[in-house]
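Hi there,

Here is the structure I promised to pass on. Have a look at it first, and then read my notes below.

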Amino acid sequence: MGLVFIPLYIKFMGIESYGLIGIFATLQVIFGLLDVGLGSTLTREMARLSALPNKEQEMRNLVRTLEILYWGIAVFVGIAIVLLSPFIANHWIKAGQLSAKTIEQALLIMGIITVFQMPIGFYSGGLMGLQKQVLLNIINICMSTLRGAGAVLILWLVSPTIQYFLLWQIVISIINASLLAMFIWRRLPHSDNKAVFQKQLLKGIWRFSAGMSGISIFAVILTQLDKVILSKMLSLEMFGYYMLASMVAMSLGRLFTPVFFSTYPKFTQLVSVDDQDGLIQLYHKSCQFMSVLILPVAIVVALFSHEIIFLWTQNPTTAERTHLLVSILICGTALNGIMYLPYALQLAFGWTRLSVLKNIIAVILFIPFIIIMTTRYGATGAAIVWLLLNVGYVFIEIPIMHRRILPKEKLRWYWQDTSVPLIVGLFLAGLGRLIFNNSTTSKLMMLLYLMIISLLTLVITLMSVPTMRSKLFGHLLNTKLRI
């Protein structure tokens, strides 16, 4: 839904207002560090405790304890954004058409949104730990539709301004947070006693929470520093184009993030009961599924980025200014995505040190590198740094991780789980790129061609991995026998 409505947001409000939305998204991620890992900790603890007997009251008390802390943090963050809004509006953002007063008003509203937006991630983490992903997805689908469609109606029928767009986001955030809070309490195991705040529960989780907080701090630096630097160096218009490209690339996370949160609790349960064989089987099955899910999409988007952006926005200028950025950023995001399940495996074992050390080293190298590349090559330089960062993760983190966890599974991950679907996808989509002639193709034929190439790349990549191939053939065989 986010991708569907972006062209309409830009049409009604302009690219500068969309750039302002991008700055808000960056601020939310940066201030989200103050959750000190509580959301991720809740996911792990709900999964772990649900596999153990007689933990109903402890689960309820833990949710209450972390809930109170989280809402306090959310209020603090909202106030901080409100207080910083004059400085950001007058001394940081390089606006063209938007006035400083308009930007400051928008930032004030963003502070209020944040108070209700932050707890959405907390409650979502709890539901995922309880393995209520289907329920969570239903809520997310409804809220995303209402958030996007409602915003377009407001911009169309009331006022095409950033202020009215953000006021609608307040309404949706309140509804979303309320629904998630209601459902997590209804899905928690029943207990005769009332849930209470228990300070001593924090003693059992603080190490993991601190580790997750450290990982989050460095991860945010690595994923948001480019946007912070570019928001200062570029005009708000050009930053809007970069954020548009980043949104397209990061939307790939809509595919791999649910797989992470669906698999992570199961990893945790298998580690808790010491089921090594089951863990190995699930690890490779889920990694192969992840590769099939994200690599064909990333490859097609990277190779046909200009055509996709043009068909999506119907604006040749936007396509020309963003397609290279999209190609580079989505390649980096795809590599980042295939690292999510190895990361989930580390968390299931309660091992956060590797990710913390990895990110410390990456930040030390990343900060000067991105400043140099952005100064010399602008937005393209920042995108290249993001790609190189994730290439380093794939070739450095995996060997270190598999020395300690599942030591015999490294080569299988590199070849069967990752390289085979990557090679197959590149071959098919690359062949399609060579055949395609953009200059003589109508929009309809362009769309049809992209659909065919995407489908072929997905199906053949699916057939290239053993787990998916055997499952598909097994399903077809069972269907034939029933007939």
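Which residues does F165 touch, not counting residues up to four places away in sequence? They are Y9, M13, I21, A151 and L155, where touching, or contact, means heavy atoms within 4.5 Å.

Before the rest, a word on the source. This is a predicted model, in which local features need pLDDT of at least 70 and side-chain atom pairs count only at pLDDT 80 or more, while totals for chains, interfaces and linings use all residues. Residues are numbered from 1 along each chain as its sequence is written, and side-chain values use heavy atoms, with hydrogens and water left out.

The overall picture: the protein has 19 helices and 0 strands. (These are DSSP runs numbered from the N terminus: helices are H or I with at least four residues, strands E with at least two.) Of its 483 residues, 52% count as buried, meaning under 20% relative accessible area, with exposed being over 50% and partly exposed in between (1.4 Å probe, protein chains only). Among contacts with a separation of 6 or more, 83% come from residues 24 or more positions apart.

F165 also belongs to the largest nonpolar core, which has 133 residues; M46, F165 and W413 touch the most other members. Such a core is a set of buried Ala, Val, Leu, Ile, Met, Phe, Trp, Tyr and Cys residues joined through side-chain atoms within 4.5 Å. Another core, of 9 residues, lies apart from it and includes L311, A429, L450 and I453.

Helix 16 (residues 379–404) and helix 17 (residues 410–435) meet at about 140 degrees, their axes 9 Å apart. (Axes are lines fitted to C-alpha atoms, for helices over the stretch in contact, and angles run from 0 to 180 degrees between N-to-C directions.) The pair is therefore oblique; angles under 35 degrees count as roughly parallel, over 145 as roughly antiparallel, 65 to 115 as roughly perpendicular and the rest as oblique. V394, F395, I398, P399 and H402 of helix 16 touch K410, W413 and Y414 of helix 17.

Helix 17 also packs on helix 18 (residues 443–464), at about 155 degrees with the axes 9 Å apart, which means the two are roughly antiparallel.

Best wishes
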